[in-house]
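Subject: Structure handover and notes

Dear colleague,

I am handing over the structure below, and my notes on it follow directly after. Please read them with the structure open beside you.

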Amino acid sequence: MKILLIKPPLNKTSIIGDSLIEPLELEILAATVSQYPCRILDMRIDADLKSTLEEFLPDLVGITAYTTEVPMVRGLIRRVKVLAPSAFVVVGGCHASVVPRDFFATGVDAVAVGNGEALFPGLVNAIARRGDLSQVSGLWHRSKDRYAYTGDPPFLKDLNTLPPPARWLTQSYRHRYFFGRNRPAAAIMTSRGCPFRCSFCSIWKMMNGKYLVRNAEKVVEELSDIQERHVFIADDNTLSHARHAGGLAAAIGRAGLRKCYKMYGRADAIVSRPDIVEQWRSVGLQTVIMGLESFQDRRLTQFNKGSTVDLQNRAIEILKANGIRVRAYFIVDPDFTRGDFRALLDYVEREEITEPMFSILTPLPGTDLFEQSRERLLLDRHELFDLVHAVLPTRLPRREFYAEFSKLYRKSYPLKKILGVNGAPLRAGRLVGGGLAYLKMRAITRRMEHAYRIEEKIHAETRTDQPGIQHEAGHPAAKNHALPAPGAGVSRRHDSAELDGDPGG
Ligand code: B12
Ligand code: SF4
């Protein structure tokens, strides 16, 4: 029983690309079935699907997909079905979990819902023994001309019983993974889920509202095996569990690990426990990524963020006082006027936020925001749900909206800042590195200005042959919060759906 796990290639239309992170989801899945020969093909780096299939001859091919990757993954499934007709093909991940039927037309053998650790070993064993797939919970599986649902997937209860991710399977790619200017960079998860309920976020839905943390010793053990000096902590929210965050920093300190960390953190957690921030700084915390989202309390309330602008400002001060870089994410509402764009830029300048990132408010399938705004969706192509396209109507004319959006980046990253001059003597290395970064940023902002052209092109090319975003969300985990629409991935045992479109690929 040979297993091939695939990370799809990068979208050609993707505008921002300042990181390439290891496919943790696939390494995590592979670790759960380590008794079988397994390979990971990261097509963002190695696109040679044909040779890999011909040489490895997998019995099972598992593919992961974000919403933006749906069209690409549909094509990929069809190619695998042609090149390796006898392989069982399963797709999973955060999009498959909320809109499983988006993959039915490809002829995929199964769509996995929810966290894969609990489901994958059962699925692999069932296929190896030609067993009954209806016994594997959390699966939409092909059965004659229908897809049958096997019922709610088992939810993760304890992260400490899981084996460490199978990083050896990405050994040949590892030097290529990076985050910003940190290369090579590894990724690790120390917790899963988030206790907050932001309306635009799908994470808490995916985890059924649960927030799980790992034992500090287990994390330190995993960190000790990581070769890279730069480590991106890919948790959704590391600092909100004070005991976990503090205990982890202490354990890293005791182990004497010398690494540089980047992590997500909320303003309220930072303000309530500045001592934990200090503790982390002393063990190598370099950057905190904060979803500040807005410069106005009323919008924070609207997003159900559970934070205030005052808290954010205090958190920024604490991080700066500790010499920790702040990468701050802001949401640009399609409703923005020119005045709003100006006010956001003023806020970024006033608070001296050196690494602001901007994304456009996007109702990702499975979120509360999707439920609230699905009737207003203007664009329905999956690729455009990349947070740099306005899929909802804009108040400003679209061209002007994108010009203003691009200006946010241009003005926030002037040449002087990218070169890191600030009165210090300019070294050759920094001049070259900074110069290249500046040119890259200019290219990105120019593409953003013309984002409306990309949206027109994608719409024209795909409107006729690919179904767009489904107006349905069906993750069983979301059933208490968002309303699954009729016919969507509902959670009754052995529910079924017609195969729609071409099943053969
Ligand atoms: C790190 C990260 C990134 C990294 C890339 C990571 C990578 N290796 O690809 C970077 C920074 C580049 C990035 C970029 C983007 N990201 Co991002 N990112 C994350 C983050 C924080 C962690 C990802 C991770 O490692 N998760 C850990 C793994 C274990 O979780 P998982 O992927 O869900 O996998 C589990 C299950 O889904 C399932 N599973 C997954 N695949 C498969 C396959 C099979 C066969 C099976 C059986 C099961 C299965 O089992 C896994 C184990 O439980 C998540 C948040 C999150 N918690 O996931 C957001 C998240 C994935 N990102 C998101 C978004 C929107 C984006 C961007 C569009 C944002 C942007 N404009 O830059 C881009 C899109 C990139 C693209 N390729 O299109 C959304 C995706 C929502 C969606 N519906 O697609 C998330 C969920 C955050 C959110 N706010 O909702 N991201
Ligand atoms: S946006 Fe961040 S704080 Fe809000 S629910 Fe998602 S992970 Fe939690």
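Valine 231 is in contact with Ala185, Ala186, Ile188, Leu223, Ile226, Lys259 and Tyr261, once residues up to four places away in sequence are set aside, where a contact requires the two C-beta atoms, placed from the backbone, to lie within 7 Å. Please bear in mind that this is a predicted model, in which local features need pLDDT of at least 70 and side-chain atom pairs count only at pLDDT 80 or more, while totals for chains, interfaces and linings use all residues. Residues are numbered from 1 along each chain as its sequence is written, and chains are lettered from A and ligands numbered from 1 in the order in which they are written.

Val231 also belongs to the largest nonpolar core, which has 79 residues and in which Ile188, Val231, Leu319, Val332 and Phe405 have the most contacts. Such a core is a set of buried Ala, Val, Leu, Ile, Met, Phe, Trp, Tyr and Cys residues joined through C-beta atoms within 7 Å; a residue is buried if 20 or more other C-beta atoms lie within 10 Å of its own, exposed if 12 or fewer, and partly exposed in between, with C-beta atoms placed from the backbone. Strand E16 (residues 325–332) gives the most to this core, namely five residues. Apart from this core lies another, of 48 residues, which includes Leu4, Val33, Val80 and Val89.

For the chain as a whole, there are 18 helices and 18 strands, taken as DSSP runs numbered from the N terminus (helices H or I, at least four residues; strands E, at least two). Of its 505 residues, 46% count as buried, and residues 24 or more positions apart account for 76% of the contacts with a separation of 6 or more.

Strand E4 (residues 60–64) is largely enclosed by the rest of the structure, because five of its five residues are buried. Leu60, Gly62 and Thr64 cover one side and Val61 and Ile63 the other, and all of these are buried. E4 runs parallel to strand E1 (residues 3–7), to which four bridges join it, and Ile3 stands opposite Leu60. E4 also runs parallel to strand E5 (residues 88–92), here through five bridges, with Val89 as the bridge partner of Val61; strands are paired if DSSP finds at least two bridges between them. Together with helix H3 (residues 70–83), E4 and E5 make a right-handed β-α-β unit, meaning that, with the strands pointing away from the viewer, the path from the first strand over the helix to the second runs clockwise.

Within E5, Val90 counts as buried because it has 27 C-beta neighbours inside 10 Å. Beyond four places in sequence, Val90 touches Gly62, Asp109, Ala110, Ala112 and Leu123, and its C-alpha is 6.9 Å from that of Ala112, 22 residues apart in sequence.

Ile458, in helix H18 (residues 451–462), is likewise buried, with 21 other C-beta atoms within 10 Å. Leaving aside neighbours within four places, Ile458 is in contact with Thr13, Arg381, Glu383 and Leu384; Glu383 is 75 residues apart from Ile458 in sequence and 8.1 Å apart in space, C-alpha to C-alpha.

Best regards
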